[in-house]
Amino acid sequence: MAFALAARSYRASLCVLFCILAASEVGVLRCTATLGINYGQVGNDLPAPAQVVSLLSSLRISKVRIYDVNPQVLAAFAGTGIELIVTVPNDLVQPMAASPGQALQWVTASLRPYFPATRVTGIAVGNEVLTDVDEALKASLVPAMRNLHAALAQLGMDGYVHVSTANSLAVLATSYPPSQGTFTAEVAPLMAQFLKFLADTNAPFWINAYPYFAYKDDPTRVSLDYALSDPFHVGAVDPYSRLQYTSMLYAQVDAVTFAAARLGYGGVPVYVSETGWPSKGDTDEVGASVENARAYNRNLLLRQAANEGTPLRPRQRLEVYLFALFNEDMKPGPTSERNYGLYQPDGRMVYNVGLVQQSTSAASLSLATSPATRTVSAVPLLANSISWLIV
């Protein structure tokens with residue numbers, strides 16, 4: 001009975017949100033959520049970094065993750081106040097692990113010249129290293145992180161920049177129900193070292209989580225609404241924790257938290273470093289469509305607007321980095337890999353998640369219901385005063 005009441009209360013709160021939206025004088029509600037986004041650059045004819053910064057600033061997006069330390073990008077973000085996570089490529093992890101001097105040289109050359117004007121707040125050491133096939137690379141991860149943290153401390157930057165790495169959901173042997181989350185036997189020994197480092201340095205655990213893949217692999221058994229994080233979906237109750245989940249993404253995050261707790265590190269915060277849904281795919285990529293991509297991202301925005309936490313940590317708003325800002329036409333792999341972006345490289349919207357320019361004296365954007373195929377010109381890349389709004 002208590003859990004049924006909690007579920008009704010949760011749905012009621014969402015109803016209130018929608019009622020407020022509908023009753024607003026201009027039909028909009030400002031969203032103060034600090035949504036993060038991934039800014040990849042594996043594509044032709046992408047806008048110049050300065051144009052990208054104008055777009056991000058106009059959308060009031062205050063957290064961005066990039067996959068390198070491109071000097072032009074770092075310089076473009078100077079003075080914007082946008083928080084930036086940068087990345088050490090996988091091929092530098094082993095050299096940094098072997099040499100503290102190498103780590104110090106990298107920080108000195110790649111970050112120090114732009115800091116603090118460019119607000120670098122995190123370093124991702126490699127990407128999905130712990131599920132890589134290279135055993136030497138995996139063994140080098142935590143030593144490289146320690147050396148980078150020591151370099152930051154030597155330069156007086158450790159209080160501003162944390163060190164972590166983005167993990168694939170494949171680090172989990174069990175993810176459902178969330179309370180039974182456990183790491184694989186292969187990664188568990190390294191994971192304990194990694195979690196200890198995070199706990200010692202007050203850094204977050206980053207996870208790349210894509211409910212799309214779970215749906216694509218088993219569309220007959222996985223609920224599409226659950227995968228899309230539909231806030232009105234009845235969801236599922238964890239039979240052990242009795243927590244109710246209406247979002248697969250939030251269930252995946254809690255599974256990581258439970259797994260970390262089994263190793264003694266339940267206090268480490270878990271953030272989503274990547275999540276998204278492709279707007280196009282190959283014939284065997286079930287669910288990759290404009291409609292589903294729009295629904296997934298819109299549902300996440302609504303949850304962010306409500307400052308929603310996971311069922312396990314309801315008072316701690318889940319930090320999410322959406323993948324991605326642009327479609328990247330030079331990425332290898334299936335068609336979906338090139339179609340996760342909100343925008344085409346030329347500035348046209350891939351689909352309308354609700355970013356609609358208002359015809360007012362001060363430009364604004366609205367998460368409005370309008371045709372999913374609507375596109376906009378490249379003008380928003382140069383807009384001066386645009387805010388997140390939700391209807």
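# Contacts, salt bridges and helix packing

Visitor: Which residues does Gln94 touch, leaving aside those up to four places away in sequence?

Guide: With those residues not counted, Gln94 touches Asp134, Ala136, Leu137 and Ser140, where contact means heavy atoms within 4.5 Å. This is a predicted model, in which local features need pLDDT of at least 70 and side-chain atom pairs count only at pLDDT 80 or more, while totals for chains, interfaces and linings use all residues. Residues are numbered from 1 along each chain as its sequence is written, and side-chain values use heavy atoms, with hydrogens and water left out.

Visitor: Where does Gln94 sit?

Guide: Gln94 is in helix H4, residues 93-98; helices (H or I, at least four residues) and strands (E, at least two) are DSSP runs numbered from the N terminus. The C-alpha atoms of Gln94 and Ala136 are 7.7 Å apart in space, although the two residues are 42 apart in sequence.

Visitor: And why does Gln94 count as partly exposed?

Guide: Because its relative accessibility is 35%, and the scheme calls a residue buried under 20% relative accessible area, exposed over 50% and partly exposed in between, using a 1.4 Å probe and protein chains only.

Visitor: Switching to charges: how many salt bridges does the structure hold?

Guide: There are 11 salt bridges in the structure, each being a side-chain nitrogen of Lys or Arg within 4 Å of a carboxyl oxygen of Asp or Glu. One of them joins the side chains of Lys63 and Glu319, at 3.7 Å from N to O. That pair links distant parts of the chain, since Lys63 is in strand S3 (residues 63-65) and Glu319 is in the loop between helix H11 (290-305) and strand S13 (320-322), 256 residues apart.

Visitor: Are those two buried or exposed?

Guide: Lys63 and Glu319 are both buried.

Visitor: What does Glu83 pair with?

Guide: Glu83 forms a salt bridge with Arg119, with 3.5 Å between the closest N and O atoms. Glu83 belongs to strand S4 (residues 83-88) and Arg119 to the loop between helix H5 (100-110) and strand S5 (120-127), so this pair ties together parts that are 36 residues apart in sequence. Glu83 is buried at a relative accessible area of 17%, whereas Arg119 is partly exposed at 42% relative accessibility.

Visitor: What about Arg348?

Guide: Arg348 forms a salt bridge with Asp346, and the closest N and O atoms there are 2.8 Å apart. Arg348 is partly exposed, with a relative accessible area of 37%, and Asp346 is partly exposed too, at 41%.

Visitor: OK, helices now. At what angle do H5 and H6 cross?

Guide: The axes of H5 and helix H6 (residues 135-154) cross at roughly 55° and come within 8 Å; axes here are lines fitted to C-alpha atoms, for helices over the stretch in contact, and angles run from 0 to 180 degrees between N-to-C directions. That makes H5 oblique to H6, because angles under 35 degrees count as roughly parallel, over 145 as roughly antiparallel, 65 to 115 as roughly perpendicular, and the rest as oblique.

Visitor: Which residues make that contact?

Guide: On H5 they are Pro100, Ala103, Leu104, Trp106 and Val107, and on H6 they are Asn147, Leu148, Ala151, Leu152 and Gln154. Asn147 is buried, with a relative accessible area of 14%, and its contacts beyond four places in sequence are Met96, Ala97, Ser99, Pro100 and Ala103.

Visitor: How does H7 pack on H6?

Guide: H6 and helix H7 (residues 188-201) pack at an angle of about 15° with their axes 9 Å apart, and they are therefore roughly parallel to each other. Lys138, Ala139, Val142, Met145, Arg146 and His149 of H6 meet Leu190, Gln193, Phe194, Phe197, Leu198 and Thr201 of H7.

Visitor: Last one: how many helices and strands does the chain have?

Guide: The secondary structure comes to 11 helices and 16 strands. Of the 391 residues in the chain, 52% are buried, and among contacts between residues at least 6 apart in sequence, 68% join residues at least 24 apart.
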